[in-house]
Every structure is written in structure tokens, then in C-alpha cells.
Amino acid sequence: MEQSPTDEAADAAMSAEERAEEQRLLRRLQMMMNLVMQTIAQDGSLTIDEASQMIADSKKAALAMFPDKELAYEIIWRPRFQRLMRERFRIM
């Protein structure tokens, strides 16, 4: 069964809407992660436990936005947070 031109247009519009939503979520995720990283780097009163909790909470939020993307989180964000924690708290 073939799709009518209006069905194809509706599919194209929906995929454009889905792409726009995904882009919005990606921008939100990046802004959130950058804020967490800046806070950890710049807040001198932050303890290592508080920083670790912020990282854990940011991971939960990221996986809530993108449920099937834990591997992407582990590849992209985890090394950045590890490097930041090593630099900030002199962790070996």
C-alpha cells in the first residue's frame, strides 16, 4: 500500500518535529553538563562528596532525557568529569 503525498508530508513534518525536539534536548543537556562542570571547577567550598553527587545527579538527568544512551554518556561525559575531578581535587 502506497502512502499518499499528504501522508508523506505528515511523516516528513513529524520527523522534522522529532529532530527539532532532539536538538532542543541536546542543547539543554549540554547546558546542564557545562553548568555542573563550571560549578565543580569554580566553587571552592564544594566538597568531593558534593561534586560526586552533582555528577551522579547529572547522569540521572541525562539518562532521563535520553534513556537508551548510557554508552554515549560513558564515552562523552564520564571522562570529562573524571578529568575535572582529578584536577579539582588532586585525585590520583
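In this predicted model, arginine 80 lies over the face of tryptophan 77, at 4.8 Å from the ring centre; a charge is taken to sit over a ring if NZ of Lys or CZ of Arg is within 6 Å of the ring centre and within 35 degrees of the ring normal. The protein chain has three helices and zero strands, and along the sequence it follows the pattern α-α-α, where helices (H or I, at least four residues) and strands (E, at least two) are DSSP runs numbered from the N terminus.

Because the model is predicted, local features need pLDDT of at least 70 and side-chain atom pairs count only at pLDDT 80 or more, whereas totals for chains, interfaces and linings use all residues. Residues are numbered from 1 along each chain as its sequence is written, and side-chain values use heavy atoms, with hydrogens and water left out.

**Burial, contacts and core**

- Buried residues make up 21% of the 92 residues in the protein chain, with buried meaning under 20% relative accessible area, exposed over 50% and partly exposed in between (1.4 Å probe, protein chains only).
- Of the contacts in the protein chain with a separation of 6 or more, 68% are accounted for by residues 24 or more positions apart, a contact being heavy atoms within 4.5 Å.
- In soluble globular proteins, nonpolar side chains tend to be buried together.
- The largest nonpolar core here has 18 residues, and those with the most contacts inside it are Leu29, Met33, Ile40, Tyr73, Trp77 and Phe81; such a core is a set of buried Ala, Val, Leu, Ile, Met, Phe, Trp, Tyr and Cys residues joined through side-chain atoms within 4.5 Å.
- To this core, α1 (5-42), α2 and α3 (70-89) each supply at least two residues.
- Methionine 33, one of the core residues named above, touches Ser58, Ala62, Tyr73, Trp77 and Phe81 when residues up to four places away in sequence are not counted.
- A search of the whole structure finds zero aromatic pairs, for which the ring centres of Phe, Tyr or Trp (its six-membered ring) would have to lie within 6.5 Å, with planes under 30 degrees apart counted as stacked, over 60 as edge-to-face and the rest as tilted.

**Helix α2**

- The 18 residues of helix α2 (residues 48-65) should span 26 Å at 1.5 Å a residue, and its end C-alpha atoms are 26 Å apart, which agrees; the expected span is 1.5 Å times one less than the number of residues.
- The buried residues of α2 are Ala51, Ile55, Ser58, Ala62 and Met65.
- Seen down the axis of α2, these buried residues fall within an arc of 85 degrees, so they line one face of the helix; the arc is that of the directions from the helix axis to the C-beta atoms.
- Asp49, Lys60 and Ala64 are exposed on the other side of α2.
- Serine 58, which lies in helix α2, counts as buried at 2% relative accessibility, and it touches Met32, Met33, Val36, Tyr73 and Phe81, not counting residues up to four places away in sequence.

- Glutamate 74 lies in helix α3 and is partly exposed, with a relative accessible area of 25%.
- Glutamate 74 touches Lys59 and Pro79, not counting residues up to four places away in sequence; C-alpha to C-alpha, glutamate 74 and lysine 59 are 9.4 Å apart in space and 15 residues apart in sequence.
- Glycine 44, in the loop between α1 and α2, is exposed, with a relative accessible area of 68%, and its C-alpha lies 9.2 Å from that of arginine 88, 44 residues apart in sequence.
- Arginine 90 is placed in the segment after α3 and counts as exposed at 69% relative accessibility; its phi is near 55 degrees, a positive value in a residue other than glycine.
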